[in-house]
Structures are given as C-alpha cells and as structure tokens.
Amino acid sequence: MVVPSRTPARSPSYLFPCVISLSVISLAALFLDYKVDDFASKTKTLAGHNLEPTPWHPFPQRTFKEESRRSQAYKIVQCTYLTCLSAMNPIPERRRVASPQKVQTCPDFFKSIHKDLEPWAKSRITMRHIMEAKRFAALRILIIRGKLYVDPYYDCVQTRAMFTIWGFLQLLRRYPGMVPDVDIMFDCMDKPVIDKKEHGSFPLPLFRYCTNDANFDIPFPDWSFWGWSEVNLQPWNEEFKDIKHGSQAKSWKEKLPFAYWKGNPDVLSPLRVELMKCNDSKLWGAEILRQNWAEEAKDGFKKSKLSNQCNHRYKIYAEGYAWSVSLKYILSCNSVALIISQQYKDFFSRGLIPKKNYFPIPSADLCRSIKSVVDWGNANPSETENKYHKQTKQTSLTMDRVYDYMLHLITEYSKLLDYKPAPPSSALEACVESLLCLADPKQRQNLEKAAASPSPYPPCTL
Ligand SMILES: *[C@@H]1O[C@H](CO)[C@@H](O)[C@H](O)[C@H]1NC(C)=O
C-alpha cells in the first residue's frame with residue numbers, strides 16, 4: 001500500500017522559513033561583518049590604526065599583529081566604541097584634602113609654567129588659536145567634566161600616543177574632580193616648531209615634550225614617565241628606585257674615575273657623532289658606548305639595564321635629535337652629571353642650575369672639555385662628592401611632582417581659554433579600559449604598572 005507521504009508536501013512550508021531565517025541571519029552576519037569592517041577601517045586609534053605617520057617627521061608605516069583583518073576590525077570597534085561605555089566611569093568626586101602640613105611648595109621648575117603661557121596672557125586662547133595650531137598637531141586632547149576625549153590626526157612613532165594618553169588618564173585618577181576642562185593641541189614628535197619670529201604676532205599654543213628659546217611650544221612630561229615599552233624602560237617610579245638602588249652599590253669615590261655615556265648616536269645628532277671621538281679613558285677620561293636597540297631587544301635588554309650604568313663618577317648627557325628622555329635617568333645615578341650645552345629643554349630641566357646640579361660642558365672642543373672637568377673632579381674629590389650629594393637631593397623628580405606639574409600647567413592653561421571646550425564629533429572618549437584593550441600584552445603589563453591612585457594630599461602650591 002502506498003501511503004502518500006505528506007512530508008514532501010510539508011517540507012517546503014517548513015523548510016522555507018528555515019532557509020529564510022538562516023539566510024537572514026547569515027546576511028545579517030555578513031552585513032554586520034561588513035559594517036564592522038567599514039566602521040573599523042575609518043576608526044583612528046591610539047594604537048595607530050588608520051593613521052598616517054606625522055608628515056613632518058616620517059617613520060615607517062605601522063603593522064599590526066592580529067591574525068586577520070576581521071579580528072582586527074572587531075578589536076578596534078570593541079576597544080574604541082564599547083569599552084568606555086561599559087566601564088561605567090562615574091564623574092569622579094573631588095576628594096577631601098588631607099592634613100594641611102602635607103602641603104608643599106612646588107619646586108622651582110614650576111615657575112616655567114607662567115613663562116610658557118605668557119604669550120597668551122593678553123590675547124587669551126581662542127578657538128582660532130586652536131584651529132591654527134591643529135596644522136602642527138598629531139592629536140587633540142580634551143578633558144570635559146573629568147572625561148578624556150582624543151581626536152587623533154596622525155600616528156605617533158612607537159607607543160608615544162598610547163603612553164601619553166595613559167598619563168592624562170592617570171592624572172584624572174590622581175586628582176579626581178580637580179582637573180579642569182581643556183582643549184589641547186599636542187604633537188608627539190621631537191622638535192619644537194612654533195617659531196617665535198614667524199608666529200610672533202599670533203603665537204600658536206602647541207603642547208609637546210620639549211621646547212627651546214626660539215619657539216613657543218609648551219613642554220609637557222613625555223611618555224617615558226609611564227614607560228617605554230619598545231626599549232624595556234619601566235615607569236619612572238620603578239626605574240628611579242632601581243637606579244637609586246643600583247647606584248648605591250659603590251660610593252662615589254669607589255666608582256670608575258671617568259665619564260660615561262651609552263646611547264644611540266644614529267639620531268641625526270651632530271653632537272653625539274662628535275662625542276664618539278672622545279672614547280678613550282686614558283686620553284679623554286671618557287668611555288662612550290653605542291647602544292644598539294635592535295641587538296638589545298634580541299638579547300632581552302640584559303645589557304641595557306640603567307641600574308647597572310651608575311658605575312662611573314661622571315655621567316654625560318648629550319641631546320639627541322632634540323631633548324633626550326635619558327636626562328632623568330642620568331641625574332638619578334649618584335654620579336656627577338656632565339651636561340653638554342643643552343638647546344632643548346623638557347619641563348623639568350629648566351630648573352637645573354649649572355655648577356650646582358650639574359657641570360656644564362661646552363660643545364666646542366668637546367673631548368678636551370670633558371677631560372678638564374674629569375681631571376678637576378678627580379683632583380678635588382671631596383668638593384665634587386659634596387656637589388653630587390647636593391645635586392641628587394635637589395634634582396629628585398618624583399612621580400608626585402610630575403602629576404603636580406601636569407595639573408598646574410593644565411589648570412593655568414585652562415584659565416586662558418576664552419570659550420567653553422566641547423569634544424568635536426570626530427573625537428572619541430579614551431578611558432583606562434579602552435587603552436588596555438588596544439595594548440598588546442607587553443604594553444598592557446607596562447601600563448598597569450604605571451597606574452596612579454588618588455592622591456592622599458593636595459598638589460604642591462605654585
Ligand atoms: C669605545 O672604546 C671601547 C674600548 O676600547 C670599545 O669597546 C667601544 O666599542 C668603543 N665605543 C665606540 C662607540 O666605538
């Protein structure tokens with residue numbers, strides 16, 4: 001008997017919705033993929049996605065490690081659009097200020113804040129100032145009611161952007177409710193550019209890591225205070241402790257009686273090229289070593305530990321392409337710092353006093369100049385040792401003071417703004433979670449070590 005099967009008759013009616021919904025789902029997935037990809041390819045991140053290197057200081061275009069384009073796209077969307085939303089960042093409360101006896105006066109180098117901002121004392125800072133400074137900026141940074149917004153224009157070399165923004169976020173953590181609303185144009189490359197002659201009639205406010213006498217650029221603490229992942233430098237508070245500890249292995253008199261420099265001479269610095277010629281401990285009293293970062297990285301940075309580089313009585317500081325982050329490490333060594341005529345100054349080196357905090361070395365006749373200071377120091381060890389003791393005491397730059405400097409500079413700067421800052425539509429919120437999400441495992445470890453907590457006492461007074 002043939003039982004007519006109903007199945008074939010039924011199958012279309014039940015298969016059809018299935019097929020439809022399956023195709024809708026896969027179409028939706030495809031569409032979502034496409035959308036995510038499209039969205040991601042337009043999103044500029046603080047890890048450098050979809051950004052061209054700064055045209056004024058080109059460097060090789062970045063490559064990313066993610067396995068596929070798809071996983072990269074999902075990561076970008078997740079990190080930049082979703083993490084800060086779900087991070088539930090309540091607007092931080094202003095903390096109650098602790099005992100007044102803890103209030104300290106800021107060190108002398110804070111006086112530069114007023115000098116740096118002097119060009120806008122009368123004109124104040126208008127939106128036109130900001131928009132014109134944009135031509136020289138790699139990113140725009142805004143703080144609005146305790147939240148941070150970033151509009152990246154260009155990629156910054158290595159992890160400068162990520163670690164700089166991390167610094168801003170830690171400042172917000174350290175002084176919750178105390179950081180005013182601001183709108184800052186920031187360039188992350190080395191050389192100051194707002195020439196005083198060219199921009200004399202309309203100075204442009206631009207933050208960067210250093211400045212010099214010929215330019216209006218406003219110096220701000222550089223990324224290395226939170227770490228420099230590529231060269232294995234730890235956050236400043238750790239590195240400082242390590243160097244201090246390492247340098248105490250020998251008393252000053254027990255240290256090698258000549259001057260030491262180790263660094264990278266291949267940074268378009270004529271001064272460093274000149275310095276190479278002084279490498280002769282007998283003839284010039286100096287030992288000059290070449291740092292090869294690529295080799296060091298392969299070797300796990302065993303030979304570049306800064307705490308093992310305090311074995312000489314004298315440590316030389318030589319500028320690189322502009323200022324060098326190495327100054328703070330050199331000054332922490334319990335050696336005598338020999339600073340070769342400095343042109344570029346970061347925020348704190350303006351407070352250093354020659355013959356008190358360091359020995360100035362003229363760049364003319366370099367080797368002979370080094371030799372004469374070394375000879376004098378070795379002939380007058382007690383006087384030199386006294387000087388170095390004073391020096392280390394006076395130049396100690398703690399992370400507390402770094403945050404205080406940032407807070408005071410931003411506060412004074414914000415007083416000059418003649419409009420109420422608001423994030424432009426192209427700016428995205430950046431938060432601790434979004435940066436950690438973008439960071440690779442090594443960077444993340446480094447960032448986490450450089451986390452700040454609310455200050456138990458008020459900032460130093462200007
Ligand atoms: C300096 O001299 C030392 C010892 O002679 C040598 O090992 C080192 O490579 C020299 N440094 C440079 C930069 O040539």
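Mentor: Gladly; we will take the terms one by one, starting with the whole chain. Keep in mind that this is a predicted model. The protein has 14 helices and 11 strands, and its C-alpha trace spans about 120 × 55 × 50 Å along the principal axes. Buried residues make up 40% of its 462 residues.

Trainee: Why is N334 called buried?

Mentor: A residue is buried if 20 or more other C-beta atoms lie within 10 Å of its own. N334 has 23 C-beta neighbours inside 10 Å, so N334 counts as buried. You will find N334 in the loop between α9 (327–331) and β9 (336–340).

Trainee: And what makes K355 buried or exposed?

Mentor: The cut-off for exposed is 12 or fewer. K355 has 8 other C-beta atoms within 10 Å, and is therefore exposed. K355 sits in the loop between β9 and β10.

Trainee: What is there to note about phi in N334?

Mentor: Phi of N334 is near 60°, a positive value in a residue other than glycine. K355 is not a glycine either, and has a positive phi of about 70°. Most residues other than glycine have a negative phi.

Trainee: How do you know that β6 and β8 pair?

Mentor: Two strands pair if there are at least two bridges between them. Three bridges join β6 (residues 256–263) to β8 (residues 312–317), so the two strands, which run parallel, meet that cut-off.

Trainee: What makes β7 and β10 edge strands?

Mentor: Look at the open sheet of five strands, with the order β7-β6-β8-β9-β10 and parallel pairing. β7 (286–290) and β10 (359–361) each pair on one side only, and they are the edge strands. Neighbouring strands of this sheet are turned by 30° against each other on average, direction ignored.

Trainee: Which residues surround the ligand?

Mentor: The ligand is surrounded by M276, N279, I288, L289 and R290. β7 gives the largest share of this shell, three residues. By class, the shell has three nonpolar, one polar and one charged residues.

Trainee: Last one: which residues touch the most other members of the largest nonpolar core?

Mentor: Among the 116 residues of that core, they are M162, I165, L169, I316, L338, I370 and L435. Helix α5 (residues 160–174) supplies the largest share of the core, nine residues. Leaving aside neighbours within four places in sequence, L169 is in contact with L148, A430, C431, V432 and L435.

Definitions and conventions. Residues are numbered from 1 along each chain as its sequence is written. This is a predicted model: local features need pLDDT of at least 70, side-chain atom pairs count only at pLDDT 80 or more; totals for chains, interfaces and linings use all residues. Helices (H or I, at least four residues) and strands (E, at least two) are DSSP runs, numbered from the N terminus. Axes are lines fitted to C-alpha atoms, for helices over the stretch in contact, and angles run from 0 to 180 degrees between N-to-C directions. A residue is near a molecule or strand if its C-beta atom, placed from the backbone, lies within 6 Å of it. Ala, Val, Leu, Ile, Met, Phe, Trp, Tyr, Cys and Pro count as nonpolar, Asp, Glu, Lys and Arg as charged, and the others, Gly among them, as polar. A nonpolar core is a set of buried Ala, Val, Leu, Ile, Met, Phe, Trp, Tyr and Cys residues joined through C-beta atoms within 7 Å. Two residues are in contact if their C-beta atoms, placed from the backbone, lie within 7 Å.
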